[in-house]
Amino acid sequence: MPRKNGTFLVGLAIAGTIGALAYPVFYSYPHRNDATTAAAITGDTVNTQWGPLTPLDRELIVRVRLAGLWELPAGQQAMTKSSNPAVREAAQHLITGHNDLDKRARSVSQQLGVPIPNQPNAQQQGFLDQMTAASAADYDEVWANLLRQAHGNILPVIATVRNQTRNTLVRQLASDTNQTVLDHITILEKTGKIDFQKIAEKAAGPSASPTGPPPPSPGVVPPIAPAVEPTGNPVLSSKPSPPAPGTINTNRPEAPDPNKLAQGQ
């Protein structure tokens, strides 16, 4: 009997040793991405009163600002260069939508201390140059396709931020931006000028996205950015950001005035 008990104890010890060695392997495999995920969430993230602010959150703010810096002028250009009623209607949506979104992005920028650009980036300026150089015969198609592609490129970013952000201001900006972008995509497609084959072929190509800005410095508020506004007082009938394509949301609250936010009002 003592011999059997000794054998049993030896076997138990061996089993325990194997289990101890195997546990890290079996545990670590389903959790192998935990460290990477944690780093992605916390890297260069700063805490604010509205929730953590990540690099991707900051990139969305910058991209909304950049969109207005070239798409609003593109809308105004089409109002003067195109005689196509559908293109001119789309141009109105661009002017109205980005005038509204720009104010929201500037307000969020002030509240969160995120610096934003005042000029389109090189790629966006290139888009404007292509529109300017287009012949009268090609203008509507060039204009509509450049804008449709740009709006499509930012949709995945908006969806990712809307899904992942823990910052309430950024979450609302993502929701507002999503509504406006879907409206613009829909109205651009209504022009009948979109080359969907080309859009699909370019979907995997480079976008106009800049790298995200660095984390804000504690106590440092970036200078107030000038507004992106239409010039010449164009007569506009569209409203910003419908809740669904083809309908207009007239109940959206007015965005905070970034100038008052900069003054601490």
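Helices here are DSSP runs of H or I of at least four residues, strands are runs of E of at least two, and both are numbered from the N terminus. With that convention, Lys190 is placed in the loop between α7 and α8.

The structure is a predicted model, in which local features need pLDDT of at least 70 and side-chain atom pairs count only at pLDDT 80 or more, while totals for chains, interfaces and linings use all residues. Residues are numbered from 1 along each chain as its sequence is written, and side-chain values use heavy atoms, with hydrogens and water left out.

## Overall make-up

The secondary structure of the chain consists of nine helices and zero strands, so that the order of elements from the N terminus reads α-α-α-α-α-α-α-α-α. Of the 265 residues in the chain, 40% are buried, where buried means under 20% relative accessible area, exposed means over 50%, and partly exposed covers what lies in between, all with a 1.4 Å probe and protein chains only. Among the contacts with a separation of 6 or more, 82% are between residues 24 or more positions apart, a contact being a pair of heavy atoms within 4.5 Å.

Helix α3 (residues 55-81) packs against helix α5 (residues 122-133) at an angle of about 5°, with their axes 10 Å apart; the axes are lines fitted to C-alpha atoms, for helices over the stretch in contact, and the angles run from 0 to 180 degrees between N-to-C directions. The two helices α3 and α5 are therefore roughly parallel to each other, a term that applies to angles under 35 degrees, whereas angles over 145 count as roughly antiparallel, 65 to 115 as roughly perpendicular and the rest as oblique. On the α3 side the contact is made by Leu66, Ala67, Trp70, Ala74, Gln77 and Lys81, and on the α5 side by Gln124, Phe127, Leu128, Met131 and Thr132. By class, this contact of α3 with α5 has seven nonpolar, three polar and one charged residues, if Ala, Val, Leu, Ile, Met, Phe, Trp, Tyr, Cys and Pro count as nonpolar, Asp, Glu, Lys and Arg as charged, and the others, Gly among them, as polar.

## Individual residues

Ser107 has its place in helix α4 (residues 85-112) and is buried, with a relative accessible area of 1%. A polar atom of the Ser107 side chain lies 2.9 Å from the backbone oxygen of Lys103. Not counting residues up to four places away in sequence, Ser107 touches Pro256, Asp257, Pro258 and Leu261.

Lys190, by contrast, counts as exposed at 55% relative accessibility, and, with residues up to four places away in sequence not counted, Lys190 touches Ala86 and Glu89. Thr45, in the loop between α2 (34-42) and α3, is partly exposed, with a relative accessible area of 23%; leaving aside neighbours within four places in sequence, Thr45 is in contact with Pro52, Leu53, Thr54, Pro55 and Arg166.

Glu141 is found in helix α6 (residues 139-164) and is partly exposed at 42% relative accessible area, and Gln179, which lies in helix α7, is partly exposed at 22%. The table gives C-alpha to C-alpha separations for several of these residues.

| Residue pair | Separation in sequence | C-alpha distance |
|---|---|---|
| Glu141 and Ile194 | 53 residues | 6.9 Å |
| Gln179 and Gly97 | 82 residues | 9.5 Å |
| Thr45 and Pro214 | 169 residues | 9.7 Å |
| Lys190 and Ala144 | 46 residues | 9.9 Å |

## A positive phi

Most residues other than glycine have a negative phi. Asn233, however, has a phi near 50°, a positive value in a residue other than glycine. Asn233 has its place in the loop between α8 (196-202) and α9 (258-262) and is exposed, with a relative accessible area of 72%.

Conventions. Polar contact = N/O pair within 3.5 Å; in protein donor to acceptor, adjacent residues only side chain to side chain.
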